Amino acid sequence: MERALRVFAWAAGALAPAVLLTLLAFLLWRGVPGWSLALFFGDTPPLDAVLRGAPVFDGLWPACLGTVALVLLATAIAVPLGIASGVYLAEFASPRQRAALSFCVDLLAGIPSILMGLFGFALILLLRKTVAPAANTGLLLSAGCLALLVLPYLISTTRLALESVPQELRLAGACLGLSHGQVVGRILLPAALHGIFGGVILAVGRAAEDTAVILLTGVVANAGAPSSLFGKYEALPFHIYYLAAEYQTPAQLAQAFAAALVLLCITGGLFAVARLLRAHLETRWKTGRSQ
Amino acid sequence: MENGTFSMNSCAIRIEDLSVAFGGRTVIDHLNLEIGQGGPTFLLGRSGSGKTTLLRAINRLNECFPGCVTRGQVSLQLGGDWVDAYAPGTVVETLRRQAGMVFQSPNVLPLSVARNVTLPLRTVLDLPADECDARMEQALRDVHLWNEVDSRLAAPAASLSGGQQQRLCLARALALHPEILLLDEPTASLDFKAARQIEELLVELKTRYTLVVVSHSLSQAHRLAEQVFVLRDGGRIECLEEAVFRDKDALLAVMDELV
């Protein structure tokens, strides 16, 4: 019995890396052959597109820019809000407030992303009928809806990370004359950075891959590079979905796989940036110097 | 020997009618106590008799725990004035800085050795970097740690030995220039040699600070104490005559009888 349990636990543990490796291998196998400068830039000279912003008509470049802009914007909205709510829940809320707010956060986490998109769409309709007749779907609306989608992850991980900081650190801070706010800001939050950045990475990944929200809030197939907060934009997940659903030639399907690999690389790059940022912040906190 | 109340020439901490309860459970009940300047003053008693709670009532650290209700008065002589710890106008952060505390197990922050001392200085006193460094060095010298760590100030504090960590915690409190030091079983988690070092430090520090020490070690009290109080179950407190705690056998006999 015990042996069977151990074998099962081992197999379950091995499942996650196995699935990940299979997925990666499959994507590399199907995606890498499609990689070329033309995949990104079409007929436009790459340097012109990157440096001078020349329009790219048949390549992934605008979608890459769109996805990066979308993710950065969504995390810029969600991270401060999420961390602040997590801090409030863990440190300042009364037990009754904590119970009520946690319930709301759990509910928010359970909302399907298509509903979040629908909410954004309905919001624009409402704005058009009332105060802003010219309102339209666009980058900022998508980022706002994505921020709502990832907010619960950030709140929960921040709260959990703060609550698992040892009680001795609170006491150490308090008995040195730090106020509660200073204990939170100078000791607990930095000590909880590891957990909080776990939430940030989860949020970045979720914002980068979501298609349902952006589908209803401003993404289009051919918008070019994002030019304003309120304009339409392109994004990789939508591009992949669009190509995979409506491809007519094997080359287009190959392009979809190549785009999927690009999305994975961009997400990986953002994770790396988040890790570097965390390492930098931790070093600065621990030694008082910024490397 | 009336319960707990003594008239001393130079009193540093006066506790009047103090009651502390956590979530309705009374830990300290109507306690009166006067602690003299310098010391060390030892608080002895069985586990659960409320020694730590009494110590934490002095710097109001009990308030960091949920459901704590404190009644009565705690006055501290700080900077030549009497400060009522629980008065509405008293800034608790200032009080805790002036009455520094060292815990049973060294609770260094997960930072570098230097930053453990300088972070509170920067945060609480907003001192410029060079003054923080000067105070840090002085505090580390005061606890005889400077020569051991001056080459690895940037190393994690957790990499120090237990005794070094405890002395670092002491230095961290000293750097804030307190007038009173509250020590909660400061040697309980240390080996014999490290404990000895802390004891020697206490002897040095008693000329500059008022020391209040919670301890389980009768021999420590016997060797170091200038004043000894024994907390009994039910929250009563007894003061021991010097003749008693200077005599090992008498101390043992009295402790057997009291606790």
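A residue counts as buried here if 20 or more other C-beta atoms lie within 10 Å of its own, as exposed if 12 or fewer do, and as partly exposed in between. Please keep that cut-off in mind, and also that the model is predicted.

I will start with one residue in chain A. A:Val219 has 29 other C-beta atoms within 10 Å, and therefore it is buried. A:Val219 sits in a loop, the one between helix H11 (212-215) and helix H12 (236-246) of chain A. Which residues does A:Val219 touch, leaving aside those up to four places away in sequence? They are A:Ser142, A:Ile214, A:Tyr233, A:Glu234, A:Ala235 and A:Phe238. As for A:Ala256, 37 residues apart from A:Val219 along the chain, the two C-alpha atoms are separated by 17 Å.

Now chain A as a whole. It has 13 helices and zero strands. Its C-alpha atoms fill a box of roughly 65 × 65 × 45 Å along the principal axes. Of its 291 residues, 41% are buried. If you take the contacts in chain A between residues at least 6 apart in sequence, 73% of them join residues at least 24 apart.

On to the core. The largest nonpolar core has 153 residues, and those touching the most other members are A:Ala74, A:Leu146, A:Val150, A:Leu154, A:Ala259, B:Ala171 and B:Val212. In soluble globular proteins, nonpolar side chains tend to be buried together. Take A:Leu154 from that list: not counting residues up to four places away in sequence, its contacts include A:Ala78, A:Val79, A:Gly82 and A:Ile83, and also A:Gly199, A:Val200 and A:Ala203.

Next, the contact between the chains. Chain A contributes 19 residues and chain B contributes 22 residues. On the chain A side, two or more residues come from each of helix H8 (167-175), helix H9 (180-191) and helix H13 (250-287). Which of these gives the most? H8(A) does, with seven residues. By type, the chain A side divides into ten nonpolar, five polar and four charged residues.

Let me stay on H8(A). Its buried residues are A:Arg170, A:Ala172, A:Gly173, A:Ala174 and A:Cys175. What covers them includes H9 of chain A, together with helix H2 (92-98) and strand S6 (99-102) of chain B. Just after H8(A), A:Gly177 takes a positive phi of about 95°.

That strand S6 takes us into chain B. Six strands form an open sheet there, in the order S6-S7-S8-S3-S9-S10, with mixed pairing. S6 and S10 of chain B are the edge strands, each pairing on one side only. On average, neighbouring strands of this sheet are turned by 20° against each other, direction ignored. S6(B) runs parallel to strand S7 (residues 180-184) of chain B, and four bridges join them. One bridge partner pair is B:Ala99 with B:Ile180 in S7(B). Helix H6 (residues 162-174) of chain B lies across S6 and S7 of chain B, at about 170° to S6(B).

B:Arg236 lies in the loop between strand S9 (227-231) and strand S10 (237-240) of chain B. Is B:Arg236 buried, exposed or partly exposed? It has 15 other C-beta atoms within 10 Å, so it is partly exposed.

Notes. Residues numbered from 1 in each chain as written. Chains lettered and ligands numbered in written order. Predicted model: local features only at pLDDT ≥ 70, side-chain atom pairs only at ≥ 80, totals over all residues. Contact = placed C-beta atoms within 7 Å. Core = buried A, V, L, I, M, F, W, Y, C linked by C-beta atoms within 7 Å. Nonpolar A, V, L, I, M, F, W, Y, C, P; charged D, E, K, R; others polar. Pairing = 2+ DSSP bridges. Axes fitted to C-alpha atoms, helices over the stretch in contact; angles between N-to-C directions.
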